[in-house]
Amino acid sequence: MNEILYRKLAATATAPVVRLDSKWIADGSWPKHLRRRANASVSFLLTKHGSVMFDDLTVGFLAERTDTMTVSGPDGCERWAMIAIRYPDMRYRFAVRCTAWEKHPPLPGLGLTDREVELVYIMCDELSRRKAYADDVFDVSDELFDNIDDNVQIAQELGDFDEQRFLALLKNDPLALPVLEAALLSAVWTAPDMEYLPAFLLNFMLPNAQSATVREGVDEHFHAVDLLRSPNAPFERVFTFRFENASLPVYPLSAAGRMIVLEPIGDPARKALMDALTEVSHIRHNIGEAADRPLPAFPVTMITRDFPSHLAHNVKVPENVHTLTDAEADLLRLAAAKLLRHVPTVVSDLNDALSDLSARPSAYRYKAPERWISLVLLYIRKALLTRKDCREAFDQLTARMMREQREAQVQRTLTIDNCVAFVLDPERYKDAISPRPKTLEQLEKTVAFPYTSHGVPMLVYNTAQFERLLQRAGVGSELAPNVVQELKERSIFERENIKINTDGTSRRYYAIPAKMFKNSVIPAIPAGQEEDNDV
């Protein structure tokens, strides 16, 4: 098997069977060694019409197991059995996970019945050479290291690096610097001698998850700096993994050396990712107690919301993403190649930085992304810029960018805090509080209503109208989910949400007990409100 097929196996996350290839057979006959073994077997009978009989089943193929391949990488190994299904005029090859072999998983694309699939595995057990069970190891890590080196050399052939053009690109394109950071962190994350885990994300916040134009623009930037590819196809598209609900995604071994974009879908997935990173951030790295990586591949995320600043470097993607010209893409690619030449020293410096922070858990919790950003800017300045005037211009540019980011973060935090204070003072929106709706039509127009559960008075908010209420406090749709999350994290919402029956239909609502409000008072509570239990 060639390297392309090995990589195809390495890139397979969970599938028990992978179809490898097919080939026409010129002479229209089975191989002699298979005919000889089938004739010597008591289980099979070859007919003169080119078919095989097994009990009462007649088929037109022979099958054998040809190899056993172990694909190894930084996160474990997978053993695969290679099988060949041979018709007189066609040969099909599949790879079956050894862990799934006994279950006889179906073989896609051939249209075989269940009995015929069973027969394939019986043939493989009886007609295969002994050497087909000897492991042949393919090491993903070694191959990826070689590929990075090869592709850096390829990128160096793009021409001389123009420092003035690079600075102009940084000024005009707000994504140029973050994607260079992504390229460097991708290589650092997968370095064999990386001792300490950088337990944080590089998060690209999309203004709108449904904006195809924005997503395409971000993808073009990732594509420009993704040098971690096979030399045969050095600049292919990046991998994208999605995960939903509350379980982390399963990665193929080859993902350890690729630029990975995670797309957390919904709050449960986002919380699962935050919990995994938080757990690792408290590990005492300096005494060698680091657990397995929660994300075995490089975690670049794309989501419409940000992550807490101690878990992520959040990059806001503008609605009008700069469109890269071919010359700009080559310039970014060349800049990434120059940076990747410094990976060993970056790994050493990052290890030192995180080792220092790990001695102080609270500092590590809040300073790891900040340390990484400082390190990235240092190496971009040192590796890419040699002229004094260019370095000074870069210092001014990054200082302005960092200042704007800090100001935006402070303003964002202040806006969220003000909105929480607004929610906890129902006098400011008492006109939006109405009696408990009796019908679904009334519910659609209701923003909030008083309710009593198990003797506890509370104010209940219609989740569909809650964002409209937050607009009164100056919070737009982009920050509304963050306000909800803040109310949950501060334990202001009663059990996060509460289930109430309306017109025979059970719905979930946000609920805040009266004791949490300013002066512990809910205004305009209708007289005679009776206690209801959750349903």
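Which backbone oxygen lies 2.7 Å from a polar atom of the side chain of Thr68? The backbone oxygen of Ala132 does. The legends below start there. The model shown is predicted.

**View 1. Thr68 sits in strand β5.** This strand covers residues 62-73. Thr68 is buried, with a relative accessible area of 0%. The side chain of Thr68 makes a polar contact with the side chain of Arg65, at 2.9 Å. A polar atom of the Thr68 side chain also lies 2.7 Å from the backbone oxygen of Ala132. Setting aside neighbours within four places in sequence, Thr68 touches several residues, including Arg79, Trp80 and Cys98. Ala132, Tyr133, Ala134, Asp135 and Asp136 are also among its contacts.

**View 2. Pro264 lies in strand β11.** The strand runs over residues 260-264. Is Pro264 buried or exposed? Its relative accessibility is 4%, so Pro264 counts as buried. Pro264 and Thr301 are 37 residues apart in sequence. In space, their C-alpha atoms are 7.4 Å apart. Thr301 is also one of the contacts of Pro264, once neighbours within four places in sequence are left aside. Other contacts of Pro264 include Phe243, Ala269, Arg270 and Leu273. Met302, Ile303 and Phe307 are on the list too.

**View 3. The largest pocket has a volume of about 1600 Å³.** Its lining is made up of 49 residues. Met205, Asn314, Lys316, Gln405 and Ala408 lie nearest the centre of the pocket. By class, the lining holds 24 nonpolar, 12 polar and 13 charged residues. Which element gives the largest share of the lining? Helix α12 does, with 13 residues. Among the elements that each supply at least two lining residues are α5 (163-172), α6 (176-189) and β13 (312-316). So do α11 (361-384) and α15 (480-489).

**View 4. Helix α6 also contributes to that lining.** Of its 14 residues, 14 are buried, so α6 is largely enclosed by the rest of the structure.

**View 5. Thr413 is part of helix α12.** The helix takes in residues 388-423. Thr413 has 34% relative accessibility, so it counts as partly exposed. Thr413 and Asn482 are 69 residues apart in sequence. Their C-alpha atoms are 9.8 Å apart in space.

**View 6. Asp55 has a positive phi, near 55°.** Asp55 is a residue other than glycine. Where does Asp55 lie? Asp55 lies in the loop between β3 (52-54) and β4 (57-59). Its relative accessible area is 63%, so Asp55 is exposed.

**View 7. Ser491 has a positive phi, near 60°.** Ser491, too, is a residue other than glycine. Ser491 is found in the loop between α15 and β16 (498-502). With a relative accessible area of 54%, Ser491 is exposed. The cut-off for exposed is over 50%, so Ser491 passes it.

Terms used
Residues numbered from 1 in each chain as written. Predicted model: local features only at pLDDT ≥ 70, side-chain atom pairs only at ≥ 80, totals over all residues. Heavy atoms only, no water. Helix = DSSP H or I, 4+ residues; strand = E, 2+ residues; numbered from the N terminus. Buried < 20%, exposed > 50% of the residue type's maximum accessible area, 1.4 Å probe, protein only. 1 Å grid on protein atoms, 1.4 Å probe; cavity = no way out; pocket = protein on both sides within 12 Å on 5 of 7 lines; lining within 4 Å. Points joined across faces, edges and corners; volume = space filled by probe spheres on them. Nonpolar A, V, L, I, M, F, W, Y, C, P; charged D, E, K, R; others polar. Polar contact = N/O pair within 3.5 Å; in protein donor to acceptor, adjacent residues only side chain to side chain. Contact = heavy atoms within 4.5 Å.
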